[in-house]
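Let's take a friendly walk through a protein model, looking at how its side chains meet. Keep the sequence and the 3D view at hand as you read.

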Amino acid sequence: MEPTHWTCIDMPYTEEEYILDVMDDRFMGCDCGDTGSCSSSDCLCVRLSLGVSYTPSGKLATSLTSPHQKPVLECHSECSCKSNICTNRMLSRKIKHNLQVFDTGNRGLGLMTKTDICKGEFVCEYLGELISADAAKARLESTTPDAPQTAGNTSSSSMNYLITVNEYFTSGSSRWCIDARRFGNIARFINHSCQPNLVSLVCRAGCDVPRVALFACRDIAAGEELSFSYASPDSVLSTKPCLCGAKDCKLFLPFDVT
């Protein structure tokens, strides 16, 4: 039942010149080599992240689940560390768990895990096309107004796969838009839930373009549907019904008004 109108990618994609320029402006890499020091402050990337982001066993550090997220800068292609032993790399790793697209029934297609996932484990990255805020606005306006915002609606003209990353700093703010409508990966099938089992984390690897990594926020059993909250601090409730079925369901899907 997987739609064929989209292209599967394994890295962020863009056709926007200014975003390509940002991607080309590479960060300095660490010089840890094969010492395994990417799990300590001896690593440049760890220091720039203001501390360790992942545990030695490859799980999300619990301190990162607070509302005030510290920066997460992963080791990358400019680093001398070995990717197979570096503990500060998640985005460059292949999906570990067996994930399967399935028919949820009243919410169309969704994504489930066929294997158990432990709390804190990396599940996948939400990949898509990086576009400008103006382009994102135009695409939202082109969607069918009454279509449900679930990953199961296979009509690209009626589905919103857009994620907005708003970041606020003492010197200002930034806004990035990731659209998985035309280019994406299996994460585009993950539905919203008001009580999700995944948490999203903004990471960077090699450049200033933010990437959205999804981690398990609790133990997830094989056969469970995967979900994350589409809400952000800038979201309001839309007029589109939420069908997540959670005990604390907000009844309507969130919508980013910025």
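## Before we start

This is a predicted model, in which local features need pLDDT of at least 70 and side-chain atom pairs count only at pLDDT 80 or more, while totals for chains, interfaces and linings use all residues. Residues are numbered from 1 along each chain as its sequence is written, and side-chain values use heavy atoms, leaving out hydrogens and water.

## Salt bridges

Side chains of opposite charge can pair when their charged atoms come close. A salt bridge here is a side-chain nitrogen of Lys or Arg within 4 Å of a carboxyl oxygen of Asp or Glu. By this rule the model has 10 salt bridges.

One of them joins Glu 121 to Lys 96, at 2.8 Å from N to O. The two residues are 25 apart, with Glu 121 in the loop between β3 and β4 and Lys 96 in the loop between α2 (44-48) and β2 (99-105). Helices (H or I, at least four residues) and strands (E, at least two) are DSSP runs, numbered from the N terminus. Glu 121 is buried at 10% relative accessible area, whereas Lys 96 is exposed at 64%. Buried means under 20% relative accessible area, exposed over 50%, and partly exposed in between (1.4 Å probe, protein chains only).

Another salt bridge connects Asp 179 with Arg 139, again given as N to O, at 2.8 Å. Asp 179 lies in strand β7 and Arg 139 in helix α3 (residues 133-142), 40 residues apart. Both belong to a salt-bridge network that also includes Glu 129 and Arg 182.

## A buried arginine

Is Arg 204 buried or exposed? Arg 204 counts as buried because its relative accessible area is 11%. Look for Arg 204 in the loop between β9 (198-203) and β10 (211-216).

## Rings and core

Rings of Phe, Tyr and Trp (its six-membered ring) pair if their centres lie within 6.5 Å; planes under 30 degrees apart are stacked, over 60 edge-to-face, and the rest tilted. This gives 6 aromatic pairs, including the tilted pair of Phe 228 and Tyr 230, with centres 5.2 Å apart and 55° between the planes.
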